[in-house]
Amino acid sequence: MKEKFYITTPIYYPSANFHIGHCYTTIIADSLARYKRLKGYDVCFQTGTDEHGQKIENKAKEAGISPKEYVDQVVENAQDLWKALHISYDKFLRTTDHFHEKAVQKIFTKLYEQGDIYKGEYKGLYCTPCESFWTESQLVDGACPDCGREVHEVKEEAYFLKLSNYADRLVDYIESHPEFIQPESRKNEMINNFIKPGLEDLCVSRTSFTWGIPVPFDSKHVVYVWLDALSNYITSLGYMGEDDAELKKYWPADLHLVGKEITRFHTIVWPIMLMALDLPLPKQVFGHGWLVINGAKISKSLGNYRDPREYIKQYGVDAIRYFVLKEVPFGNDGTFSEEALVSRINGDLANILGNLVQRTISMGNKYFSGHIENKRVAEEMDQFLIDKINHLDNRVSNEMDQLHISSAISEIFSLLRDSNKYIDETTPWILAKDENLKDRLETVLYHLLESIRVCACLLEPFIPSSSLKIKEQLNQFDSNLKYSESNSYQLGKPEAIFMRIDLKAK
Ligand code: ME8
């Protein structure tokens, strides 16, 4: 049986203004999901939209429509953007899906009946854009520590989740499972800044607005949007639904990929909910850094906003995917700029990858009408390339297992570079001048094609449509990740995969 891999992104607040930063989590998750599929895993890749809460209710009011009409409009925007980015999700959950709402109500009732949720009174400070409660001491300069915006005081009858009951168990779990919270720095932050100082019980219902899932036994309350949202990771698999076969198969999640600002919810509130529900905890929560422009988080109000589809139109989807995956050291913040994007396109994609493919296919067509076999007229220098092809799969795998996506890509590009060097060293254009060296020439081209073929397979998770274009030109579609002695190539026409871009000319 295939090993399973369940990977999730956060569910997004539906928005008409998704920016390139929003694409970051999803592109990374997509490349990991694709990679695991390539390696033979049974992958479930889930994303979706987080559609309840005061923020959405306010936006709908501004637009003069009902919240449901509002989310129906903007959810298409998310789905359209993911399609443009070639995101290969298996499941898309909307928190307004009926089965999800029913399951959340059952979760809330179960936690209430077993005493993990109780009724009390809430007095505190609330940040509406982040849908987060804060204590006075957590504020930074009197404002929300996450987004810096104004918080307002709320006082209302509310239900609470007894986080405090589980604090010791949570610390034990985190400390005995070093891989649970990654990167390491976020783990220390969670333990030292949030859990050790003492966990306050979390307010998990609201009465000041109505756009949410009603508490089933007390309908003037709606379920706090984070409890609703976090449940998505299990309701989508059928938890508290009619058929939980997928839950049995895929849970616990192998990886929740989240932005650093929501690591707290995923490593404190979510595990405690799961402990209370008597479900196993996810194997890993990875809190990644932000994509910033000129040092600032991207947003429409800062004026550094552009619709990601404009970049895709201008540079191509794979260039955007490649940039995000290669340029930003995973875990840290990284800067997005068009200059850096163009330099990646020109330096890596056009000069190294595009050039190698085009040169090789053109020579194959020119010298052998595209038909190439292994004539086995080998020379010593060939072995270096063949070994490198054979080791690539393991090297990439070592990096991907640690989520070092940028390094995994570097491994592939190292082989591509060496293949370009191999052309310079074997000088096929000189071999072509001598009829007696024809078999040697064909062997050289064969080795290059094998290198390109294996690289194209391993590049699929990162730049899927370019990988497919290369496979089409090679006319080879299997995913054998080792050098083969006996392929037979009938090449297609050479077609440029990436063009160099002159930013000044734009
Ligand atoms: O947080 N760089 O949704 P969201 C990198 N609904 N990542 C960024 C980013 C940037 N500039 N801007 C946003 C929510 N993101 C909740 C999640 S899950 C149960 C509920 C990332 O739409 C952000 O870090 O505000 C998060 O991982 C994702 O986009 C969705 O953010």
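This is a predicted model: local features need pLDDT of at least 70, side-chain atom pairs count only at pLDDT 80 or more; totals for chains, interfaces and linings use all residues.
Opposite leucine 257 stands phenylalanine 286, in strand 12. Now widen the selection to the two strands. Strand 11 covers residues 255–259 and strand 12 covers residues 285–288. They pair in the parallel sense, over four bridges.

Next, select residues 291–293, which make up strand 13. Strand 13 and strand 15 run in the parallel sense, with two bridges between them. To see a bridge pair, pick valine 292 and its partner in strand 15, threonine 335.

**The largest pocket**

Now show Tyr13, His22, Lys55, Arg149 and Lys297. Of the 46 residues that line the largest pocket, these lie nearest its centre. The space in the largest pocket comes to about 1500 Å³. Colour its lining by class: 21 residues are nonpolar, 16 are polar and nine are charged.

- strand 1 (4–12)
- helix 1 (20–38) and helix 2 (54–63)
- helix 7 (225–230) and helix 8 (232–235)
- helix 10 (263–276)

Helix 2 gives the largest share of this lining, five residues.

**Helix 2**

Stay on helix 2. Its residues Gln54, Lys55, Ile56, Glu57 and Ala60 are buried. Lys55 was also among the residues nearest the centre of the largest pocket. What do the buried residues of helix 2 pack against? Select helix 3 (67–84), strand 4 (117–127) and strand 9 (205–206) to see these partners. Then step just past the end of helix 2, to glycine 64. Glycine 64 takes a positive phi of about 70°.

**The second largest pocket**

Move on to Phe133, Thr135, Gln138, Glu200 and Arg264. They lie nearest the centre of the second largest pocket, which is lined by 23 residues. The volume of this pocket is about 510 Å³. Its lining has 14 nonpolar, six polar and three charged residues.

Highlight strand 5 (132–134), helix 6 (184–195), strand 8 (202–203) and helix 10. Each supplies at least two residues of the lining of the second largest pocket. Helix 10 gives the most, with four residues. Helix 10 also supplies at least two residues of the lining of the largest pocket.

**The cavity**

How many cavities of 30 Å³ or more are there? The count comes to one. Helix 1, helix 12 (317–327) and helix 15 (405–426) each give two or more residues to its lining. To find it, select Tyr24, Ile28, Val324, Leu325, Val328, Phe330, Ile405 and Ser406, the residues that line it. The cavity holds about 40 Å³ of space. By class, its lining has seven nonpolar residues, one polar residue and no charged residues.

**Isoleucine 497**

Go to isoleucine 497, in the segment after strand 17 (488–490). Is isoleucine 497 buried or exposed? Its relative accessibility is 10%, and buried means under 20%, so isoleucine 497 counts as buried. Show Val357, Ser466, Lys469, Ile470 and Gln473 around it. Isoleucine 497 is in contact with these, leaving aside its neighbours within four places in sequence. Now draw a line from isoleucine 497 to alanine 350, C-alpha to C-alpha. The two are 7.5 Å apart in space and 147 residues apart in sequence.

**The whole chain**

Zoom out. The protein chain has 18 helices and 17 strands. Its radius of gyration is 26 Å, close to the 23 Å that the globule rule gives for 506 residues, so the chain is as compact as a globular protein of that length. The C-alpha trace spans about 90 × 50 × 40 Å along its principal axes. Buried residues make up 59% of the chain. Among contacts with a separation of 6 or more, 78% join residues 24 or more positions apart.

Terms used: Residues are numbered from 1 along each chain as its sequence is written. Side-chain values use heavy atoms; hydrogens and water are left out. Two strands pair if DSSP finds at least two bridges between them. On a 1 Å grid over the protein atoms alone, a cavity is a set of points where a 1.4 Å probe fits but cannot get out, and a pocket is an open set with protein on both sides within 12 Å along at least five of seven lines; lining residues have an atom within 4 Å of a point. Grid points are joined across faces, edges and corners, and a volume is the space filled by probe spheres set on the points. Ala, Val, Leu, Ile, Met, Phe, Trp, Tyr, Cys and Pro count as nonpolar, Asp, Glu, Lys and Arg as charged, and the others, Gly among them, as polar. The radius of gyration is taken over C-alpha atoms; the globule rule is 2.2 Å times the number of residues to the power 0.38. Buried means under 20% relative accessible area, exposed over 50%, partly exposed in between (1.4 Å probe, protein chains only). Contact means heavy atoms within 4.5 Å.
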